[in-house]
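Colleague: I would like to go through the labels on this model one by one. Please give me the value and the cut-off each time.

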Amino acid sequence: MRSAVLVLLAAAPLAACVSGPQVFPVEATRFHYDAVAQRGTVAVEPLPGPSSASLEYKTYAAAVQAELLKNGFTSPAPGAKPDYIATVGFTRADRPLPPRGSPVRIGLGAGAGSGGWRGGGGIGGGINFPIGNSPARWGVVTELAVRIRHGADAVWEGQAQSLTDTNAPDADAASVAARLASAMFKDFPGESGRTIEVK
């Protein structure tokens with residue numbers, strides 16, 4: 001009887017691992033014509049659209065602003081004109097989760113900006129994974145785009161995207177926004193045109 005109990009206890013962590021939330025990395029791509037060597041004051045603004053004043057937008061804007069401040073930018077004084085403008089846009093879409101163990105490629109498209117100077121109407125090329133039995137669980141693909149302008153010129157753009165298991169404890173908007181923004185600004189300004197994966 002004791003041996004049977006021990007076997008059950010040993011199997012419990014494995015079962016929890018198999019049935020627990022899935023974790024996916026963030027893919028981020030940065031583009032820049034200028035390495036933004038000179039820091040300055042920066043104001044965060046939304047891309048034009050119906051969600052620009054939403055509470056969810058403010059969550060993503062706050063995450064981007066926090067990363068900008070970490071990287072040497074400062075907030076302008078009240079009423080002062082900022083040296084840089086950072087525009088922020090995001091999208092969220094439901095997606096079925098891939099079978100466990102299947103390779104996942106979200107597919108950030110180089111040059112597919114979200115209202116950035118590179119044009120285009122979206123950030124990425126969609127999530128890809130092998131076709132099989134329809135998964136019973138769902139996740140959310142979140143895409144974040146940031147463009148930094150100096151005057152009329154765009155000097156840096158970042159794009160980040162990840163799939164989130166809605167059953168994960170960090171699936172709330174604040175956690176997702178922080179994770180995407182952190183990956184996007186990793187080693188700022190980053191290697192232009194290269195897509196990195198941040199776990």
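Modeller: Start with a cut-off: exposed means over 50% relative accessible area, and buried means under 20%. The model is predicted. By that cut-off, Leu55 and Lys70 of helix 2 are exposed.

Colleague: Why is lysine 70 called exposed?

Modeller: Its relative accessibility is 64%. The cut-off is over 50%. Therefore lysine 70 counts as exposed.

Colleague: And what makes glutamate 67 count as buried?

Modeller: Glutamate 67 has 8% relative accessibility. Buried means under 20%, so the label holds for glutamate 67.

Colleague: Which residues of helix 2 are buried?

Modeller: Tyr57, Tyr60, Ala61, Ala63, Val64, Glu67 and Leu68. They cover an arc of only 155° around the axis, so they lie on the same side of helix 2. Leu55 and Lys70 are on the other side.

Colleague: What do the buried residues of helix 2 pack against?

Modeller: Strand 2, strand 3, strand 4 and helix 3.

Colleague: How do you know that the span of helix 2 agrees with its 16 residues?

Modeller: At 1.5 Å a residue, helix 2 should span 22 Å. Its end C-alpha atoms are 23 Å apart, which agrees.

Colleague: Why is the contact of glutamate 67 and lysine 70 called a salt bridge?

Modeller: The N to O distance is 3.3 Å. The limit is within 4 Å, from a side-chain nitrogen of Lys or Arg to a carboxyl oxygen of Asp or Glu. So glutamate 67 and lysine 70 qualify. They are three residues apart in helix 2, which means about one helical turn.

Colleague: How many salt bridges are there in the whole structure?

Modeller: Five. One of them joins aspartate 165 and arginine 137, at 3.0 Å, N to O. That pair links distant parts of the chain: aspartate 165 is in strand 5, arginine 137 in the loop between strand 3 and strand 4, 28 residues apart.

Colleague: Is aspartate 165 buried or exposed?

Modeller: Buried: its relative accessibility is 0%. Arginine 137 has 25%, so it counts as partly exposed.

Colleague: Last, what makes strand 2 and strand 6 edge strands?

Modeller: The open sheet has six strands in the order 2-3-4-5-1-6. Strand 2 (42–46) and strand 6 (195–198) each have a single partner strand, so one side of each lacks a neighbour in the sheet.

Technical notes:
Residues numbered from 1 in each chain as written. Predicted model: local features only at pLDDT ≥ 70, side-chain atom pairs only at ≥ 80, totals over all residues. Heavy atoms only, no water. Pairing = 2+ DSSP bridges. Helix = DSSP H or I, 4+ residues; strand = E, 2+ residues; numbered from the N terminus. Expected span 1.5 Å × (residues − 1). Buried < 20%, exposed > 50% of the residue type's maximum accessible area, 1.4 Å probe, protein only. Arc of directions from axis to C-beta. Contact = heavy atoms within 4.5 Å.
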